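Thanks, everyone, for making the time this morning.

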Amino acid sequence: MPVNFCRLEDIFDCGEKFYAHRDSKGIKEKETLCEHLSLTKKYLMLLLEKKGIEDIVHGIAGNMRLDGSKLSEDYVELISDMFFNAVYLHDTGKINPGFQNRRMENERFRRSREGGGHSLLSALIFIDIYTPVITGRYQGDMKFYMMNILYSFAYQISRHHTYLKSLSGFTDLLEAKKREKSSLACYKPGSADRVNTVHFKKRLERRIARHIDGIEFYILNKLLFSLILACDYYASYEYFNSNAIQDIGIIENVEKLLSIYGQYHVCKGIEKYKADRQHFKEMPINALRSELFMEAERSLLQSMDKGIFYLEAPTGGGKTNISINLALNIIKEDRRYNKIFYIFPFNTLVEQTKETFSEVFGDSLKFTVINSITPIVTKEEEQTDADDGRADYEKSLIDRQFLHYPVVLTTHVNLFNILFGTGREANFALCHLCNSIIILDEIQSYRNIIWNEIILFLDKYSKLLNMKIIIMSATLPRLEEFLDMGQEDKMLSYLIKDRDRFFKAPFFKDRVRLDFQLLEDKEFSLDRLKEFLEEVIAKRGCVGKILFEFIRKSTARDFYNRIKGRDQRVVELTGDDNKFFRNSLLKEIQEARDIIVVATQVVEAGVNIDMDIGFKDISILDSEEQFLGRINRSCTKLGCEAYFFNLDDASKIYGNDVRTQMDLRDTEYQQYLADKDFSGFYKRCIDILKERNSELNKNSINAFISQALELEFLKVQEKMKLITQETFQLYLPYILEDGENTIDGYELWHKYRELCLDGGMEYAQKKVWLSRLSEQMAYFTYTIIAFDAASKDAIRLKCPNSFGSYFYVDEAQRFLTEDKKFDRKEFMNYSGGIFL
């Protein structure tokens, strides 16, 4: 059904020159308001076509209910019309004489003295346009229902140059704006007296839950805000750069990608196995991986009507390869899907998957990494070593901000910023999630206190934005147990029907022998651990490759210092190691025959090492299984063992994570780990979380849904934070010898300061250059926890030299060990803080 756009000539005199933008350099002619709104419509239509958003909005409206009953087509059409016209008319308030005078230097309005704002006025005009439409058609609850939607859409218009906050108080702002008669002097229908904000004020701010689904209403408004931002930004870009946005980064030729993917050596092996089940008789584990691959694909094709898919596969089962195949098959089966997002909890997993995509697709598929340390790549850099002067920084920045790439590899924090963030930039890309495939890796690492809220929103987002979400992990919590619905209504499918066939196969289940004897030692110490290490080596008759994992960096450093004088190579690997050091160390570990690695939990995911023996300080069951994935990873060794001990208190690290209430000191949980059966463990966790959410307090799930219904955007954002710790970046410069290259940390700092202080550089170019610097500055940057909401620990920083987002330390050498590793203990003594 075609969009029914309002006529601009019914709103203001299109014959008069109202301007929307002007070139501060005076090179380009001013852009008229009609031209800007025309471009806005153009880009709205582009997104409707490329991302299928028209059908999505109609679908959301068609799914909305009043007292349990779906709305009739008449209501659906009006809601859709209001939605799309909110995008189109977002800047009509620029007819404000004050804006024309102060911001546009419009000679016609040079005597106007009104304020120069326009967003709130645009919202007021929007309400005035649709108020008579609603009041003329509906009465009673239905009128209130539609007015709720109208005012909510108007709120999104009013905030398109700032951030989302709360609908509360919005009517007071409208009433004040309505009294500014001169601001509305050029508005054709008159003074907007029909906008009776007082009449709706109390009812708008006390929404009736039976009228509107809270999460659904929240998502509809978030999508509108994203579309307003995107279309306004694209239209403005075209005016200022005389260049249209055409490529928004979608997959258009999936057959070509499937053909390239089919040539990948892993896929070739699977195809040979399909034809001949004896193909992997010399490597039976590859036969099992092939069976896993084939079953996941078969299950997917049988359940394409579902929105969420669980890919539960053992460590070493090839989840990344399976997920690539699943994503491409979804696109092949349903051409509405045209973009893939890979979401990871750790940057190490992002980098590992990037390498896989490079190996499989080379230059045939454009994909990008979006995180805080990956530079923005300009199009010129992709094609040639062009001079910086020829780079289109604006386009490169807009591609990054709006995720104009067929495949995006990013972190869970970035995804949750898009889904729940309140800022403009956080909301830019939400509209691009429509008709996309989202692959979530290691979801159990997300803050489990909000698992209920996470699955509620993922379920709604998948349905409303027509997203396919693949959740994959070796330890997968049954989050659907939070969903209060019948089995037939669940949009969820398990891709591996008989998990025990794979998890309990000897190659995966028995590749490491578990030993819990150290947990019986009530007075366990690092000295005892060192002594036990010697016993194990003596029993084995060699060192081999041994991995220690601690849950505190300070404990890892203490143990490293105790054993580093051995004849065998001993190395330390923690989250404080920069990318250069980590990569070189991982290469050494992979190539070594005898090496002892002392590490923290940084080794649990995305670190491709294959050790013989493991020692681990117990924490949560998920973590123990991830650790085991680093032992005998190839499943080809004999005599591999893992020993568990209890040293540091995991609850001090994990805070209010319910999983710390149960650990390997209990023989029942030892059996869960040995059997690779986590259902009983997760059942207990989810029961605890359900009980917490049922309590009549501020943490109740119903209270949270009410916040979504009332469009309390800031409260929803706060609730859905994945990381509650507040941190600061400590910059310790030194001269880093990187093989043939030398990286000067002092010089980088000076470049950073000069770049930040350069007032003449264009914003986009500065953002691109800063992203390039941040990659190298990360070598000298350490994250310090300033406040941890779970433990209430805080630090007072003694560091007067701060600039931008960094704290700079002149006496860096004082806080670096002889091998250039960060000495947290020394810095703690200096700053007097508490560190994890």
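Predicted model: local features only at pLDDT ≥ 70, side-chain atom pairs only at ≥ 80, totals over all residues.

How many of the residues of strand 15 are buried? Five of its five residues, 595-599, are buried, and the strand is described as mostly covered. As a general point, side chains in a regular strand alternate between the two faces of the sheet. In strand 15, Ile 595, Val 597 and Ala 599 point one way, whereas Ile 596 and Val 598 point the other way, with all of them buried.

Let me turn now to another sheet, an open one of seven strands with parallel pairing, in the order 7-8-6-9-10-5-11. Its edges are strand 7, at 367-370, and strand 11, at 492-494, each of which pairs on one side only, and neighbouring strands are turned against each other by 20° on average, if direction is ignored. Within this order, strand 6 (residues 340-344) and strand 8 (residues 407-411) run parallel and are joined by five bridges, with Phe 341 standing opposite Val 408 of strand 8. Helix 17, residues 412-420, lies across strands 6, 7, 8 and 9, and runs at about 100° to strand 8.

Finally, two helix pairs. The axes of helix 6 (residues 140-158) and helix 9 (residues 214-241) come within 9 Å and cross at roughly 35°, in a right-handed crossing. Among the residues making the contact are Ile 149, Phe 153 and Gln 156 of helix 6, and Leu 220, Asn 221 and Phe 225 of helix 9; by class, the contact has eight nonpolar, four polar and no charged residues.

For helix 25 (residues 621-628) and helix 27 (residues 667-675), the axes come within 11 Å and cross at roughly 40°, and the two helices are therefore oblique to each other. This crossing, too, is right-handed. Helix 25 contributes Leu 621, Glu 624, Glu 625 and Leu 628 to the contact, while helix 27 contributes Tyr 669, Tyr 672 and Leu 673, which by class gives five nonpolar, no polar and two charged residues.

Notes: Residues numbered from 1 in each chain as written. Heavy atoms only, no water. Axes fitted to C-alpha atoms, helices over the stretch in contact; angles between N-to-C directions. Helix = DSSP H or I, 4+ residues; strand = E, 2+ residues; numbered from the N terminus. Parallel < 35°, antiparallel > 145°, perpendicular 65-115°, else oblique. Left-handed = near helix turned anticlockwise from the far one by under 90°. Contact = heavy atoms within 4.5 Å. Nonpolar A, V, L, I, M, F, W, Y, C, P; charged D, E, K, R; others polar. Buried < 20%, exposed > 50% of the residue type's maximum accessible area, 1.4 Å probe, protein only. Pairing = 2+ DSSP bridges.
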